[in-house]
Amino acid sequence: MAELNVSLVAMDREVWVGKAKIVVATTPEGEIGIMPGHEPVLALLIDGTVRIEPVEGRRIRAAVHGGFFSVANNDVAILAETAELGSEIDVDRAQAALDRILADGRVDRGEKEAELRARTRLKAALSFEQQMSSMHQGG
């Protein structure tokens, strides 16, 4: 069975590298799913989550902010300005950051971007927590 060679890299570090069955990322046009044998792609990433279904192990969800990704010959490179695995994000801190932004009441562009980043981080972290909870409950 064909596999994807995936590399998720932020400007300051390598976040995740491994073999995967599918990768889903968010572009300005919407979500795009990449499976083995996909045609070559070069696309911008927007703030959102990247989902990776590894060949082995649990699903990976990362909060990604900006960047781009490329696909060629089953190699997927996700190059982000910033990226954090859901497992690295503290849910309470992410929720507190979102609450502070929402309580501020500002609607300027900077606040909207901060709100989107906070929501993305929280989504990735909660997804990881739900997955772990499901594993502990036998599901």
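Author: A term to begin with: a salt bridge is a side-chain nitrogen of Lys or Arg within 4 Å of a carboxyl oxygen of Asp or Glu.
Reader: How many salt bridges does that give?
Author: The count comes to 3 salt bridges by this rule. Side chains of opposite charge can pair when their charged atoms come close.
Reader: Before we go on, what sort of model is it?
Author: This is a predicted model, where local features need pLDDT of at least 70, side-chain atom pairs count only at pLDDT 80 or more, and totals for chains, interfaces and linings use all residues. Residues are numbered from 1 along each chain as its sequence is written, and side-chain values use heavy atoms, with hydrogens and water left out.
Reader: OK, back to the bridges. Which residue does Arg13 meet in a salt bridge?
Author: Glu88. The N to O distance is 2.6 Å. Arg13 sits in strand β2, while Glu88 is in the loop between β7 and α1 (91–104). They are 75 residues apart, so the pair links distant parts of the chain. Strands (E, at least two residues) and helices (H or I, at least four) are DSSP runs, numbered from the N terminus.
Reader: What does Arg51 pair with?
Author: Arg51 forms a salt bridge with Glu31, and their closest N and O atoms are 2.9 Å apart. Arg51 lies in strand β5 and Glu31 in strand β3 (residues 30–34), so the pair ties together parts 20 residues apart in sequence. Arg51 is partly exposed at 24%. Glu31 is exposed at 52%.
Reader: And Glu53, which residue is its partner?
Author: Arg59. Their side chains meet at 3.0 Å, N to O. Glu53 is partly exposed, at 22% relative accessible area, and Arg59 is exposed, at 54%.
Reader: New topic. How many helices and strands are there?
Author: The protein chain has 2 helices and 7 strands. Along the sequence the pattern is β-β-β-β-β-β-β-α-α.
Reader: Which way do β1 and β2 run?
Author: Antiparallel, over 7 bridges. Two strands pair if DSSP finds at least two bridges between them. A hairpin of 2 residues joins β1 to β2. Ser7 has Val17 in β2 as its bridge partner.
Reader: What else does β2 join?
Author: 5 bridges join β2 to β3, and these strands run antiparallel. A hairpin joins them through 2 residues. Val24 stands opposite Gly33 in β3. Another 4 bridges join β2 to β5, also antiparallel. There, Val23 has Ile52 in β5 as its bridge partner.
Reader: What else touches Val23?
Author: Leaving aside neighbours within four places in sequence, its contacts include Leu4, Val6, Ile32, Val50, Val76 and Ile78. Contact means heavy atoms within 4.5 Å.
Reader: How many residues are in the largest nonpolar core?
Author: 25 residues. A nonpolar core is a set of buried Ala, Val, Leu, Ile, Met, Phe, Trp, Tyr and Cys residues joined through side-chain atoms within 4.5 Å. Val6, Leu8, Val23, Phe69 and Ile78 have the most contacts inside this core. β1 (4–10), β2 (13–27), β4 (41–44), β5 (48–54), β6 and β7 (75–85) each give two or more residues to this core. Apart from it lies another core of 10 residues, among them Leu98, Ala118, Ala124 and Ala125.
Reader: How much of the chain is buried?
Author: 39% of the 139 residues count as buried.
Reader: And what about nonpolar residues on the surface, which form a patch?
Author: Leu42, Leu44, Phe68 and Leu79. Together they have about 400 Å² of accessible area, from the Shrake-Rupley method with a 1.4 Å probe, where for residues only the protein chains shown count as cover. Patch residues have over 30% relative accessible area and no salt bridge; like charges are joined within 9 Å, nonpolar side chains (Val, Leu, Ile, Met, Phe, Trp, Tyr) within 5 Å.
Reader: Where is Phe68?
Author: Phe68 is in strand β6 (residues 60–72). At 35% relative accessibility, Phe68 counts as partly exposed.

Methods:
Buried means under 20% relative accessible area, exposed over 50%, partly exposed in between (1.4 Å probe, protein chains only).
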